[in-house]
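Subject: Structure handover

Hello,

Here is the structure you asked for, followed by notes on what was found in it. Please read the notes with the model open.

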Amino acid sequence: MKYTKIKAYHVGLVTKNGAFARLIYEGGHWLWWGEEVSVYDMTKLFVSDYDLNLLLKNQEMADALEIVDVKDNEKVLQYENGIFQTILGKGRWAYWKGGREFKYIRVDVNQIEISKEIDLASLMSTTVSSLVRTYVVEAFERGLLFVHGKFVRMVEAGTYYWWKNSTSIHVSKADTRQLQLEVSGQEILTKDKASLRINFYVQYQIVDFTKALLANKDFDKQLYILIQLALREYIGALTLDELLEKKDNISTLVIQSTLLKVSQLGIELKGAGIRDIILTGEMKEIMNQVLMAEKKAQANLIMRREETASV
């Protein structure tokens, strides 16, 4: 016989001729001839050279161990006193009862949603963060969530966490602030064939994100075309003189004429205006000549009035 001593929070696994015999706990113990003891720390994961499945066939071992079975599609998060410890992958894990008290949260990694039980600190730990994908929707944005290409829901501003797996996730985002679109360098012919170039701007805001991002492709490009066509239609119906007289009304008329089509894009026009009206080519020279002629006529008229007054 031989004597062995087991320290506190340790356990001895006694075998005889390679087969499990019994467990011994804190204190001094005598071993019979042919018996061997392996000592384990009860506060740590039980890892042994002996086959765990064979050991668990013995009721004493089965009662002494807490077994956590993790399937292929699962992860298990382990907590102690509410503090995250580690994440267990697929397999069979064994911990000694009477050592440390653990709580477990089981996760199906084939799903994307993360349980509210799992706090942010756990997700940001180095062992878990590699399993998580993060999407940020800024305070001035709204987004649409697509899973496997299918629209699921609208997402407000915030940070979103989903499990990383084979499921494809996409968040299509757009700005909630007032935006401005420049419609520049538009060469247009007036009703009297005057060639001119217009720089126009329009201010708008998205009011229906589902329409803007889901029902329409490139809503901003479509808005550009709508404004461009409205400008051409309006200006093409006016002579140059009429255009110059009514230029302050153009923005109002453009907004009114595009109101219905713009609403179908999920946006609302907030304002618009003309930056420049630029005459091109010969038209510019002609207008300069007209202006000079008008000024000369005015000067001649003034001179005649002065001559008449002096007689």
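In which sense do β12 and β15 pair, and over how many bridges? The two strands pair in the antiparallel sense, over 7 bridges. Before the rest, two remarks on how to read these notes. This is a predicted model, in which local features need pLDDT of at least 70 and side-chain atom pairs count only at pLDDT 80 or more, while totals for chains, interfaces and linings use all residues. Residues are numbered from 1 along each chain as its sequence is written, and side-chain values use heavy atoms, with hydrogens and water left out.

Sheets

Helices (H or I, at least four residues) and strands (E, at least two) are DSSP runs, numbered from the N terminus. Two strands count as paired if DSSP finds at least two bridges between them. Strands of a sheet pair through backbone hydrogen bonds, either parallel or antiparallel.

β12 and β15 belong to an open sheet of 3 strands in the order β13-β12-β15, with antiparallel pairing. Its edge strands are β13 (150-155) and β15 (169-175), each pairing on one side only. The twist from one strand to the next averages 25 degrees (axes are lines fitted to C-alpha atoms, for helices over the stretch in contact, and angles run from 0 to 180 degrees between N-to-C directions). Within this sheet, G143 stands opposite K173 in β15.

Another open sheet of 3 strands has the order β8-β7-β10, and its pairing is antiparallel. β8 (83-88) and β10 (103-108) are at the edges with a single partner strand each, so one side of each is left without a neighbour in the sheet. Strand β7 (residues 74-80) is joined to β10 by 6 bridges. Y104 in β10 is the bridge partner of Q78.

Cores

A nonpolar core here is a set of buried Ala, Val, Leu, Ile, Met, Phe, Trp, Tyr and Cys residues joined through side-chain atoms within 4.5 Å. Buried means under 20% relative accessible area, exposed over 50%, and partly exposed in between (1.4 Å probe, protein chains only).

The largest nonpolar core has 34 residues, and F200, L223, I227, L231 and I267 have the most contacts inside it. Elements giving two or more residues to this core include β16 (179-189), β17 (195-206), α6 (219-236) and β18 (267-279). α6 gives the most, with 8 residues. A second, separate core of 14 residues includes V11, L13, M42 and L56.

Contact means heavy atoms within 4.5 Å. Leaving aside neighbours within four places in sequence, I267 is in contact with Y204, Q205, I206, V207, F219, L223 and V262. S184 lies in strand β16 and is partly exposed, with a relative accessible area of 39%. Not counting residues up to four places away in sequence, S184 touches I198, N199, F200 and Y224.

Aromatic rings

Rings of Phe, Tyr and Trp (its six-membered ring) pair if their centres lie within 6.5 Å; planes under 30 degrees apart count as stacked, over 60 as edge-to-face and the rest as tilted. The whole structure holds 10 aromatic pairs. One of them is the edge-to-face pair of Y79 and F84, at 5.7 Å centre to centre with 70 degrees between the planes; both residues are buried. The ring centres of F146 and F151 are 5.8 Å apart and their planes are at 55 degrees, so this pair is tilted. F146 counts as buried at 13% relative accessibility, and F151 as partly exposed at 30%. Ring pairs also link Y40, F46 and W96 into a cluster.

Regards
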